Amino acid sequence: MTVRLRAVTSEDVPLLERWRGRPEDEGEFNDFGLSRQGPSTLRRSVEEGTVIGADGGLLVVEVEGQPIGSVSWHSEHYGPNPESRCFNIGIALVPAGRGHGHGTAAQRMLADYLFATTTVNRVEASTDVDNVAEQRALERAGFTREGVIRGAQFRRGGWHDLVGYSRLRSDG
């Protein structure tokens, strides 16, 4: 099955917002309670053409023309100079899209896209220490496990340890 990343359209907004508000679609590792923080700004971002910008973005993941989730990225900095910037990526797939290798393909494609369209040397990702499926997906996508990031993420009412991964431009 062919995995494709594409721009978010106004037709995607209701679907993406519905997924965001449903724990069964978000999955236990993506439930940050964001749907309870008020209306999404996604529609306005699509209308203004700002879904993808210099410091981050969002793309739809689709398989055989059907949306199954999204990938996103945002800037992180490891120094004050522009060269020390990297991107941290994330993925959210609905249950039907999980367990088929689509996440691996989408994350590999997103890293390739970021290396092709920006000057960053590093693309990084992190996942809950208990999210073994995502750890395997990142490793299959060419990311290297770097270690545990203790107490880094507040989710579902508590602090969680994450496993950090990276892929460098020179990794290929």
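How many aromatic pairs does the count come to? In this predicted model, the count comes to two aromatic pairs.

Along the principal axes, the C-alpha atoms fill a box of roughly 35 × 35 × 35 Å. Of the 172 residues, 43% are buried. When contacts between residues at least 6 apart in sequence are considered, 59% of them join residues at least 24 apart.

The seven strands form an open sheet with mixed pairing, in the order β1-β2-β3-β4-β5-β7-β6. The edges are taken by β1 (3–7) and β6 (144–155); each has a single partner strand, so one side of each lacks a neighbour in the sheet. From one strand to the next, the twist averages 30°. Strands of a sheet pair through backbone hydrogen bonds, in either a parallel or an antiparallel arrangement. Strands β6 and β7 (residues 158–168) run antiparallel and are joined by eight bridges. Within this pairing, G147 has G164 of β7 as its bridge partner.

Helix α1 lies across β2 (56–63) and β3 (66–77), and its direction makes an angle of about 75° with β3. This helix spans residues 13–20 and includes E17. The relative accessible area of E17 is 31%, so E17 is classed as partly exposed. Between E17 and T41 the separation is 24 residues in sequence, and their C-alpha atoms are 9.8 Å apart.

V123 belongs to strand β5 (residues 122–128). With a relative accessibility of 0%, V123 is buried. Apart from neighbours within four places in sequence, V123 is in contact with F87, I89, A111, L114, F115, F143, Y165, S166 and R167. Two of the residues named there, Y165 and S166, have numbers that fall in the range of β7 (residues 158–168). V123 and E47 are separated by 76 residues in sequence and by 28 Å in space, C-alpha to C-alpha.

A pair of aromatic rings is described by the distance of the centres and the angle of the planes. W73 and Y113 form an edge-to-face pair, with 5.9 Å centre to centre and 65° between the planes. W73 is located in strand β3 and Y113 in helix α4 (residues 102–117), so this pair ties together parts that are 40 residues apart in sequence. W73 is buried, at a relative accessible area of 5%, whereas Y113 is partly exposed, at 31% relative accessibility. The rings of F154 and W159 have centres 5.1 Å apart and planes at 70°, so this pair is also edge-to-face. F154 is partly exposed, with 47% relative accessible area, and W159 is exposed, with 61%.

Terms used: Residues are numbered from 1 along each chain as its sequence is written. This is a predicted model: local features need pLDDT of at least 70, side-chain atom pairs count only at pLDDT 80 or more; totals for chains, interfaces and linings use all residues. Side-chain values use heavy atoms; hydrogens and water are left out. Helices (H or I, at least four residues) and strands (E, at least two) are DSSP runs, numbered from the N terminus. Buried means under 20% relative accessible area, exposed over 50%, partly exposed in between (1.4 Å probe, protein chains only). Two strands pair if DSSP finds at least two bridges between them. Axes are lines fitted to C-alpha atoms, for helices over the stretch in contact, and angles run from 0 to 180 degrees between N-to-C directions. Contact means heavy atoms within 4.5 Å. Rings of Phe, Tyr and Trp (its six-membered ring) pair if their centres lie within 6.5 Å; planes under 30 degrees apart count as stacked, over 60 as edge-to-face and the rest as tilted.
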